[in-house]
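Could you walk me through how the strands are arranged here?

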Amino acid sequence: MNLSPRHPLSRIVALTVTLGVVWLVVASGATAASVVSAASAVSAASAASAAPVVSAASAVSAASAASAAPVVSAASAVSAASAASAAPVVSAASAVSAVPKVPSGFVGVNVDGPLAGGQPSLPSAMSTMVGAGVESVRVAFNWAAAQPTEDGPYDFSQTDMIVADAARDGLTVLPVVIYTPSWDARPNPPGTIAIPKDDRPYAAYLTALVKRYGPKGTFWADNPTLPERPIREWQIWNEPNFTYYWPTRPFAPSYVALVKAAHTAIKRADPGAEVVLAGMPNDAWDYLQKIYDVPNAGQYFDVVAAHPYTVIPANVILFLQKMRAVMTRNENASKPIVITEMGWNSSIGHKPSDDYCCQSTAARQAAKVKAVLPLLAQYRAALKLQAFYYYTWASQGTNGGPSADWAGIFQISGSKLLAKPVFATFKAGVLAIERCKRIGKLAGSCAAAAG
């Protein structure tokens, strides 16, 4: 089976936000530290979760359409971060010394583009993921492909392939359920993704997905030789703060209506399942507040997602602190956060046709990943950070093309995946925070614990 069409999960579009006088410790490994000053900036990136290929022009247009990207003053940045009661701003004196071990299921990666379609070999790639300590994959579940006609049956062939390949390696799957078939699509401007005009068919698709891949799902009954890894988390859409993904403005009322319909459907089919809010980049904390401003919105999701694309690794923590502050203010402090996209690319030297935030050389990409992993472990408990998904496992860059096409830990070259310097850094950093020297055959099984 092959996934078709093949859609990349992310096109990074940045709006830079100056964060003011904030001091954060950047851990490099478990000992070395450097300090970020007022000059540092968070640049957030827009990722297209399972989106069709976005040209540089349309990507920039999507960024321009993000309505809120004001400059944040030093005072407001500090107060917002300080308001996160469980995650205070770190002083230069409190250098990270011992990085805590992370719990099972903390480490994930995004799988998209040709790799999500099985080219190159997805089973081979997933085996390598397992060896690097990855325990979960985030993948698009394309409603438009699964139900192209209103009265037709659901086609699970694409999603069956992903779930089967993941299960063989003991990986769990976080689906991003997205894309509206034409028969239920609202009219949308060119260069944007249509959203449902009636939320009920989207909810019905989610019900079918839960019955297929949830506990006691038909997929597991049909494939008794596979290790059961039922899907218990469902992410509702992607980046509605961008008009590219959610053309209707303001986005929050209609997006929350979709989340409410999805929540009702998922909980009826599997009361123990969790509804994950769409991840958002840029001033995500402001967009999150717009969601909370919709009456009762906080009742319709269990997990808040974030896309903290930043220039400086330490500012990932500040981004999450600001998200946590909004959740606390809206009496949602008990809910976890999951990073569903985060990363840097290695586009410098390949003449990219854009000017996104997270461009790096291959060496700097590796260094930034080395810096951020111990920080995520260090602040995981304080931020109630449930998991992170690095963007992305493999990408297919072209000279002169979008810089986001160089985001992968691996580079796609024909039928091969070529490891970039970031792979060694990612693997070493992940195994360190998992306290494991060598992973066993299945994801999450440590064959040789670290001393």
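Strand E14 (residues 410–413) and strand E15 (residues 416–419) are joined by 4 bridges in the antiparallel sense; strands here count as paired if DSSP finds at least two bridges between them. Helices (H or I, at least four residues) and strands (E, at least two) are DSSP runs, numbered from the N terminus. Ser413 has Lys416 in E15 as its bridge partner. Together E14 and E15 make a hairpin with 2 residues between them, and Gly414 in that turn has a positive phi of about 65°.

Before going further, please note that this is a predicted model, where local features need pLDDT of at least 70, side-chain atom pairs count only at pLDDT 80 or more, and totals for chains, interfaces and linings use all residues. Residues are numbered from 1 along each chain as its sequence is written, and side-chain values use heavy atoms, leaving out hydrogens and water.

E14 also runs parallel to strand E13 (residues 394–395), joined by 2 bridges. There, Ser395 has Gln411 in E14 as its bridge partner.

Now turn to the open sheet of 8 strands, which pair in parallel in the order E9-E8-E7-E6-E5-E12-E11-E10. Its edges are strand E9 (274–276) and strand E10 (304–306), each pairing on one side only. From one strand to the next, the twist averages 30°. Within this sheet, E11 (residues 337–339) and E12 (residues 385–390) share 3 bridges, with Ile337 opposite Leu385 in E12.

Methods
Axes are lines fitted to C-alpha atoms, for helices over the stretch in contact, and angles run from 0 to 180 degrees between N-to-C directions.
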